[in-house]
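Please read the points below with the model open beside you, taking them in order and finding each named residue for yourself before moving on to the next point.

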Amino acid sequence: MQQVLRGLKSLAGPFQSFVIAAAPEQPLPLFQEWLQAAIDAGIAEAHAMTLSTVDEQGMPDARVLILKNLDEQGWYFATTRRSPKSKQVEATHKAALTFYWQPLGRQVRIRGEVIAASAQVCQSDFQERPVGSRAGALLGRQSDVLLNEQELINGLAQQRQRVEHDPTLANPDWVVYRVEAHEVEFWQGDTERNHVRLRYRRTESTNTGWIKERLWP
Ligand SMILES: Cc1cc2nc3c(=O)[nH]c(=O)nc-3n(C[C@H](O)[C@H](O)[C@H](O)COP(=O)(O)O)c2cc1C
């Protein structure tokens, strides 16, 4: 396998150059620009990101999620409160998000506080989900050990019936979280490994609320 791995290319490019001098004073517009560039480049699931958390023992955990929204308040994702990731963020209120857009050689890393949205926002997000997703979320067993497939099939059918019977059915376990960033790093890969990295760090000392720092590759 080592030979196979060594034969694989990474960061082959060609990539655009990242002109740090032209970067905005806050990370949000730059993130929007990079996400839009990824969408325009036809990158599949450009809104997929890795959410990293730690559990109560300090053991790291990570999984891919979908970015549900983005605004001045932060980066949003949705899940069920009964999931391990939810328990982890409820315990620590901290997380990191990582985006990688391979054809563009771009990575964005975000670290910050995790804050749950109001019950109203969580419920309207739940209502917007397709019937099958709502039924699955109502089961509320995400990441439990599955011992009996029939239990899953029956449970899903039962929840689907509930949703179809009452399309306004609420799910108090459904939650939308936002990551309020303390740091956002934009990483533009370079084929010669002279990667260009710009980190925004939240601060009280500037009127924009952010300082920009260039990082060594
Ligand atoms: C492309 C992709 C998108 C996903 N989107 C979500 C999502 O938006 N919410 C979610 O709870 N799980 C999503 N998942 C599943 C998670 O990766 C994970 O398996 C699940 O949430 C259980 O994680 P946990 O045990 O750490 O709580 C997605 C997986 C993939 C591969």
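This is a predicted model: local features need pLDDT of at least 70, side-chain atom pairs count only at pLDDT 80 or more; totals for chains, interfaces and linings use all residues.

1. The ligand is surrounded by E45, R63, V64, L65, I66, A78, T79, S83, P84, K85, Q142 and S143. Sorted by class, the residues of this shell divide into 5 nonpolar, 4 polar and 3 charged.

2. In R63 a polar side-chain atom lies 2.7 Å from an oxygen atom of the ligand, whereas in V64 a polar backbone atom is 2.6 Å from a ligand oxygen. For P84, a backbone N or O atom lies 3.4 Å from an oxygen atom of the ligand. As for cover, the ligand has 620 Å² of accessible area on its own, and the protein covers 66% of that area.

3. Which elements give two or more residues to the shell around the ligand? They are the strands β2 (60-66) and β4 (74-80), together with the helix α3 (84-92). Among the contributors, β2 gives the most to this shell, with 4 residues.

4. Is T79 buried or exposed? T79 counts as buried because its relative accessibility is 4%, and the cut-off for that class is under 20%. The side chain of T79 is also joined to the side chain of K85 by a polar contact of 2.9 Å, and both T79 and K85 belong to the residues that surround the ligand.

5. At least two residues of the lining come from each of β2, β4, α5 (131-139) and α6 (149-165). By class, the lining has 11 nonpolar, 8 polar and 5 charged residues.

6. Finally, the protein as a whole gives these details their setting. It has 6 helices and 9 strands, and its C-alpha atoms fill a box of roughly 55 × 50 × 40 Å, taken along the principal axes. Of the 217 residues in the protein, 37% are buried, and T79 is one of the residues that count as buried.

How values were computed
Residues are numbered from 1 along each chain as its sequence is written. Side-chain values use heavy atoms; hydrogens and water are left out. A residue is near a molecule or strand if one of its heavy atoms lies within 4 Å of it. A polar contact is a pair of N or O atoms within 3.5 Å; within protein, one must be able to donate a hydrogen and the other to accept it, and residues adjacent in sequence count only if both atoms are side-chain atoms. Accessible areas come from the Shrake-Rupley method with a 1.4 Å probe; for residues, only the protein chains shown count as cover. Ala, Val, Leu, Ile, Met, Phe, Trp, Tyr, Cys and Pro count as nonpolar, Asp, Glu, Lys and Arg as charged, and the others, Gly among them, as polar. Buried means under 20% relative accessible area, exposed over 50%, partly exposed in between (1.4 Å probe, protein chains only).
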